[in-house]
Each structure stands twice: as C-alpha cells, then as structure tokens.
Amino acid sequence: MIPSSFTYKRAGSAEEACDLAAEYGEDAKFLAGGHSLLPLMKLRLAAPEVIIDLGGLRDLSYVTDRGSHVAIGALTRHHDVEHSALLAREVPLLAHAAGQVGDPQIRHRGTIGGSIAHADPASDLPAVLLALDATLVARGTDGSREIGIGEFFQGLFETVLEPGELLTEIRVPKPAAAGWSFQKFNQRAIDWAIVGVAVQGGQVALVNMGGTPLRATAVEAALAAGASPADAAAHAAEGTSAASDIRASREYREHLARVLVSRALTEAGSRA
Amino acid sequence: MKVDLTVNGKNITADVEDRMLLVHFLRDVADLTATNVGCDTTSCGACTVLLDGESVKSCTVLAAQASGHEVTTVEGLASNGIMHPVQRAFHEQHGLQCGFCTPGMVMAIVSLLKENPHPTEEQVRTGLEGNLCRCTGYHNIVRAALAASETQAAQTQAAQTQGASS
C-alpha cells in the first residue's frame with residue numbers, strides 16, 4: 001500500500017515548522033514518528049497534500065525535572081519515555097504505560113506528542129495523561145499557549161489545536177498520591193486496547209470507551225465518598241459511549257471497563 | 001526528491017518520489033531484497049531493519065525520513081563472510097521454517113540484544129511482540145535469541161580478556 005502523492009518538507013526548527021504550516025494551511029499535516037499518520041495515509045484514510053516532517057527537531061526530545069512537574073518534549077519517543085529514570089521515579093505510571101504502546105519497533109519511532117495530537121481514543125497515552133492532569137503547550141505563529149488536557153480532546157481524532165499549531169511540550173504534575181496502575185486488554189500485543197484503564201491515586205481515566213479518552217468521574221466520586229475499589233468500579237461504564245466494532249460490542253466493553261477498573265484500583269491500592 | 005542514505009555502510013543517493021516507503025527504497029532502489037513486505041500495516045515486523053541502530057518497521061517509515069540516517073538490513077550483518085551471532089544462532093537452533101519472517105526476526109533480535117544483552121526468555125518473548133511468524137515457529141526463534149545472547153557475551157568476554165592481556 002502506497003500513500004497518495006504529497007510534497008515532503010522537513011522542518012529544521014519549531015519556528016520553521018509553524019511557518020511551513022501557516023504557508024500550506026489545511027493541506028498540510030505535521031509528521032512526528034509517523035506511526036499513526038503513515039498507516040492512515042497508506043490506507044488512504046488520510047491524504048494530506050503536504051507533509052511537514054518534525055523528525056529533525058531533536059531539541060523537542062527531552063524529559064526534564066521542573067520541580068513540581070516533569071516536562072516532556074513533544075518529540076520524545078515512547079522508547080525514551082519508557083526508559084526515563086526521572087519518569088520511573090516521579091511518574092512511574094507514564095513510564096510503564098509508554099512501554100505498553102505497540103511493540104519495540106513502534107516505540108522506537110512513535111512520539112508522545114504525536115500520540116496526543118492524533119487524538120485516537122484507543123491510544124494508551126492520551127488517557128494516561130488525562131489521569132495525570134497533564135498540561136499541554138502548543139506553539140502557533142503568534143506565540144505559545146497552555147491547554148489543560150481535560151479541554152484538549154474534542155472528539156474522534158479532533159483536538160482544540162488550530163491548523164498550524166504545533167504541540168511542543170507535555171507537562172506532567174508529580175502525583176501527590178503514589179498508587180498507580182495501567183490495565184490494557186487486547187487480543188494481540190500489537191493491537192490497540194479494546195479497553196484500557198489508567199489510575200493515579202483517585203484519578204481514573206479510560207481508553208476506548210468513547211470518542212475521546214474519558215475520566216471515569218462516577219468512579220472518582222464513589223472513591224472520594226469512601227467506596228471500596230470493587231464498589232467504585234461498578235460505576236466504570238457510567239457516562240461512557242463505547243462503540244461496538246469487530247473486536248467487541250459496547251456491552252462487552254462496558255463489562256471490561258468495570259473489571260479493569262476494579263483490577264486497576266486494587267493494584268494502585270497495593271502500591272500506595 | 002533527492003534522498004541520501006547510508007545502507008549497510010554504503011552511501012546511496014537517489015531521486016525518489018516523496019511518498020516512497022523505506023522498504024520499497026531498500027528493495028527497489030538499493031536492490032536489497034532480503035527485507036520482506038509482509039502485512040504492510042505495521043503489524044508483522046517482516047520489514048524490520050535498523051535505523052540508526054534501532055529496530056523499526058520499514059513499511060512505516062518514508063525513505064525521505066531516513067535520508068541522512070544509517071540503515072542496516074540483514075544483508076549488512078555478516079562481516080568478511082562470517083555470519084553475525086544472531087544469524088549463526090538461527091542456523092544452529094533451526095530458528096526458521098518457511099523463512100519469510102526471518103530477516104525481520106533477526107534484525108529485531110539484534111536490536112533487542114543491543115538494548116538488553118542478557119534477556120530472560122520472557123524478555124525475549126515480549127521483545128519480539130512486534131514480529132509474527134506465520135509458521136508459528138516461535139520456540140526455536142526464542143532459543144536462537146537466547147543462544148545468540150550467550151555467544152555475544154562470550155565474544156565480549158574474550159575480547160576483553162584479549163584486550164587486558166595485550
């Protein structure tokens with residue numbers, strides 16, 4: 001399978017990437033690791049006329065301690081997030097979950113920023129960062145802005161990023177509550193999660209239970225009111241809108257959400 | 001567009017379509033046909049090569065993205081006619097049946113052992129999550145990876161001993 005024709009541009013800096021995006025407008029797409037976008041282009045589900053390759057922006061690949069939070073460059077690969085000693089110590093949920101994305105080859109290419117900006121509700125890291133209350137930094141032609149991850153995802157593959165706006169950094173607050181867990185249910189290692197659950201303290205987020213990653217607010221409220229993990233997990237499917245597809249029916253996904261939230265809360269409790 | 005890659009230590013410059021995938025560049029431009037196109041959907045790992053020393057699926061990388069970088073295919077592993085320890089281990093452990101997945105498996109294992117020279121059997125199995133064998137011949141592939149890890153460890157030790165005595 002071969003993508004439809006496009007013009008390839010390689011950006012040498014974030015500024016140049018934004019300038020190129022402004023020049024080509026809605027015909028252009030940023031390409032980070034390419035492990036979400038290129039498969040869609042090969043299937044001709046996406047056919048951008050211009051590709052702006054961000055692969056050369058090495059200065060956007062970093063994991064840095066900023067005191068109250070850890071800052072991660074948007075071009076940091078899953079492999080580097082997985083093996084970051086700083087994240088293993090301060091935000092082990094994120095380091096662990098990054099190691100569950102796809103397979104080693106995919107983690108050698110795919111980036112955290114690409115995964116977030118692509119906004120696939122079946123991807124692992126959007127939900128993980130939602131459970132962690134991350135803040136995103138985006139750069140446009142008129143400067144940078146911060147976006148709370150709770151406002152970032154608008155729908156299936158849709159975010160608040162304006163055309164030409166570039167996600168540059170992910171800021172993850174160091175969690176106050178230690179217990180964490182990431183549960184992912186899939187058929188083959190390389191598949192997307194049928195359902196996934198990320199827990200950090202009393203914050204619970206769901207993978208693939210709607211058009212965007214979701215916070216399991218009913219579970220969080222039950223936990224705050226003192227419910228046991230099993231009782232809180234019974235609320236896991238409330239407020240969700242899981243799809244039925246070839247891998248699972250909506251009812252089965254709802255069942256999985258309850259089971260996986262229960263397992264996640266129990267595991268998080270054992271680590272607290 | 002003009003791309004400039006180092007493939008198995010050899011510089012290759014070519015004028016290709018912007019949309020050309022790395023695997024097609026390797027097979028059709030560099031004439032290195034050991035790297036197979038399997039599923040063509042980033043799943044099976046038959047097209048695995050090393051990009052700057054790390055395993056990637058070359059069906060999901062543009063030749064343009066690899067321009068200016070180093071690619072190693074299975075053809076580039078042997079030196080002076082002597083097989084790489086991973087290739088040797090596949091031969092000795094009968095790590096292949098039909099052979100279609102083999103180039104990708106070998107490259108994935110070379111990358112795995114670079115990151116983790118002494119993997120456990122479980123680490124080999126999870127490290128090969130991105131490679132499918134359509135013959136389901138996984139047991140001998142895992143054995144080959146473990147055997148190669150031992151050979152490489154022995155070679156490293158021998159080299160160190162030699163270095164210390166000279």
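Reply: The centres of domain 2 and domain 3 of chain A, taken over C-alpha atoms, are separated by 20 Å. Domain bounds come from an automatic or database domain assignment. For chain A, that assignment gives domain 1 (7–53), domain 2 (58–173) and domain 3 (180–271). This is a predicted model: local features need pLDDT of at least 70, side-chain atom pairs count only at pLDDT 80 or more, and totals for chains, interfaces and linings use all residues. Residues are numbered from 1 along each chain as its sequence is written, while chains are lettered from A and ligands numbered from 1 in the order in which they are written.

Now the contacts in chain A. Domain 2 of chain A puts 21 residues in contact with 22 residues of domain 3 of chain A. Contact means that the C-beta atoms of two residues, placed from the backbone, lie within 7 Å. On the domain 2 side, helix 5 (92–98), helix 8 (124–131) and strand 8 (153–155) of chain A each give two or more residues. Helices (H or I, at least four residues) and strands (E, at least two) are DSSP runs, numbered from the N terminus. Helix 8 of chain A supplies the largest share of that side, six residues. By class, the side of domain 2 of chain A that touches domain 3 of chain A holds 13 nonpolar, five polar and three charged residues. Here Ala, Val, Leu, Ile, Met, Phe, Trp, Tyr, Cys and Pro count as nonpolar, Asp, Glu, Lys and Arg as charged, and the others, Gly among them, as polar.
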